[in-house]
Amino acid sequence: FYDTRLFSAQAEYRQRVGQRFGFVVFGGIGWTGSSYGSLTDNGDRIAGGVGLRFRVTEQFPVDLSLDVSTNNEDEEFVYIFVGQRF
């Protein structure tokens, strides 16, 4: 969700399972608005999801990632990327 102002909080849990596999569980809540006084006018923005990680090579810490998320407007998203976002 985008607007001129944003306040949000996110949490994530990552775990490795063996040398090559891992998983992640994540969620967040936020508020958007055209000013800080109007942040709650549009209601809560809530999203969460799960993801799988596969270590491409044992020499370098580069993961192939597949994440699935949903939000409180019943939108679902799939993300595929190489490397870590943060």
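View 1. Leu64 is partly exposed at 39% relative accessibility, a class lying between buried (under 20% relative accessible area) and exposed (over 50%), with a 1.4 Å probe and protein chains only. Leu64 is placed in strand 4 (residues 63–71); strands (E, at least two residues) are DSSP runs, numbered from the N terminus. Beyond residues up to four places away in sequence, Leu64 touches Leu52, Arg53, Phe54, Val56, Phe81 and Val82, where contact means heavy atoms within 4.5 Å. The model is predicted: local features need pLDDT of at least 70 and side-chain atom pairs pLDDT 80 or more, whereas totals for chains, interfaces and linings use all residues. Residues are numbered from 1 along each chain as its sequence is written, and side-chain values use heavy atoms, leaving out hydrogens and water.

**View 2. The aromatic pair Phe7 and Trp31.** Rings of Phe, Tyr and Trp (its six-membered ring) pair if their centres lie within 6.5 Å, with planes under 30 degrees apart counted as stacked, over 60 as edge-to-face and the rest as tilted. The Phe7 and Trp31 pair is stacked because the ring centres are 6.0 Å apart and the planes stand at 25°. Phe7 belongs to strand 1 (residues 5–17) and Trp31 to strand 2 (residues 21–33), so the pair ties together parts 24 residues apart in sequence.

**View 3. The aromatic pair Phe21 and Phe54.** With ring centres 5.2 Å apart and planes at 55°, this pair is tilted. Phe21 lies in strand 2 and Phe54 in strand 3 (residues 45–55), so parts 33 residues apart in sequence are tied together. Phe21 is partly exposed, at 49% relative accessible area; Phe54 is also partly exposed, at 29%.

Key: Helices (H or I, at least four residues) and strands (E, at least two) are DSSP runs, numbered from the N terminus.
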